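I opened the model today to look up a few points about its fold. My notes follow in the order I checked them.

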Amino acid sequence: MHPWPKPPGGPHYSVCHFCDTLHVAVAVPEGTAARCKCCGAVLYQNRPASLVRATAFSLTSLILMGVVHYFPFLMMDAEGGFHRNLNLTSGANALIHEGSPILGIGLAFFTIIAPIGMASGLIYVCGPLMFGRIAPGAIRVASWLNKAEPWNMVEVFLLGLLVSLMKLAKVADVHFGMGFWAFGALMFCMAAAIASIDRDELWDRLEVAKS
Ligand SMILES: [Zn+2]
């Protein structure tokens with residue numbers, strides 16, 4: 001139940017995002033959070049086994065991404081013996097070649113490239129930090145991860161897909177493949193990986209490893 005190491009020097013400060021009150025950032029034990037003295041909002045949290053969890057969930061996400069691409073995502077059967085297996089890559093490809101290139105590129109970026117980039121980036125930053133080391137360029141990667149976080153839209157995609165499937169089910173017989181279930185699990189793993197480590201903790205650990 002140890003607090004994460006603070007960078008040398010100090011005192012360090014933390015500002016409440018809701019009421020702008022300035023606080024001295026004290027170390028908090030594992031499993032607890034520091035709260036604003038004025039409004040009670042959470043300033044930062046020391047999440048249990050944060051580095052191990054962030055790395056493990058990211059690694060699982062990458063493995064699941066492999067499953068998503070290897071196994072069919074959807075299987076469609078329509079009248080006249082029409083049968084088609086679809087996965088994420090073939091879906092994006094079909095959109096690009098059938099008149100909706102921007103939608104296809106967006107689909108590929110938000111559901112394939114962004115999650116792989118987020119998971120790989122988290123492993124690159126958090127993996128070496130478990131051993132108190134810092135990977136070359138890790139600070140730049142961590143800053144990029146902060147900026148890229150809102151662009152990881154697997155949940156939005158899954159929701160949109162379910163809505164369109166309800167319409168599609170009227171004209172064809174649609175079955176979910178292994179890729180779909182893996183994508184659902186990927187959504188939870190990505191959310192868990194991102195939520196595993198507080199930003200304040202990540203930056204403090206990077207500062208300590210750098211010094
Ligand atoms: Zn506050």
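Which residue takes a positive phi in the hairpin of β5 and β6? I found that Gly 80 does, with a phi near 85 degrees. The hairpin has 3 residues between its strands. I note here that the model is predicted.

**Entry: confidence.** I looked up the pLDDT before going further. The mean for the protein chain is 87, and 99% of the residues reach 70 or more. Among the elements of the chain, helix α1 (residues 50-70) has the highest mean pLDDT, 93. The lowest mean, 76, belongs to helix α5 (residues 154-168).

**Entry: domains.** I wrote down the division of the chain: domain 1 covers 1-46, and domain 2 covers 50-198. Taken over C-alpha atoms, the centres of domain 1 and domain 2 are separated by 33 Å.

I checked the pairings of β5 (residues 74-78) one by one. β5 and β7 are antiparallel and joined by 4 bridges. I picked out Leu 74, whose bridge partner in β7 is Phe 176. On β6, I counted 5 bridges to β5, again with the strands antiparallel. Here Met 76 has Arg 84 in β6 as its bridge partner.

**Entry: the hairpin of β3 and β4.** Strand β3 (residues 33-35) and strand β4 (residues 42-45) run antiparallel, with 3 bridges joining them. I noted Ala 33, which has Gln 45 in β4 as bridge partner. This hairpin has 6 residues between its strands. In the turn, Gly 40 has a positive phi of about 80 degrees.

**Entry: α4 against α7.** At what angle do helix α4 and helix α7 pack? I read about 170 degrees for α4 (residues 138-148) and α7 (residues 199-210), with the axes 11 Å apart. Angles over 145 degrees count as roughly antiparallel, so α4 is roughly antiparallel to α7.

I listed the residues that meet. From α4 they are Ala 138, Ile 139, Ala 142 and Asn 146; from α7 they are Arg 199, Leu 202 and Leu 206. By class, the residues of the contact of α4 with α7 divide into 5 nonpolar, 1 polar and 1 charged.

Methods: Residues are numbered from 1 along each chain as its sequence is written. This is a predicted model: local features need pLDDT of at least 70, side-chain atom pairs count only at pLDDT 80 or more; totals for chains, interfaces and linings use all residues. Axes are lines fitted to C-alpha atoms, for helices over the stretch in contact, and angles run from 0 to 180 degrees between N-to-C directions. Helices (H or I, at least four residues) and strands (E, at least two) are DSSP runs, numbered from the N terminus. Angles under 35 degrees count as roughly parallel, over 145 as roughly antiparallel, 65 to 115 as roughly perpendicular and the rest as oblique. Two residues are in contact if their C-beta atoms, placed from the backbone, lie within 7 Å. Ala, Val, Leu, Ile, Met, Phe, Trp, Tyr, Cys and Pro count as nonpolar, Asp, Glu, Lys and Arg as charged, and the others, Gly among them, as polar. Domain bounds come from an automatic or database domain assignment. pLDDT is the predictor's confidence in each residue, from 0 to 100. Two strands pair if DSSP finds at least two bridges between them.
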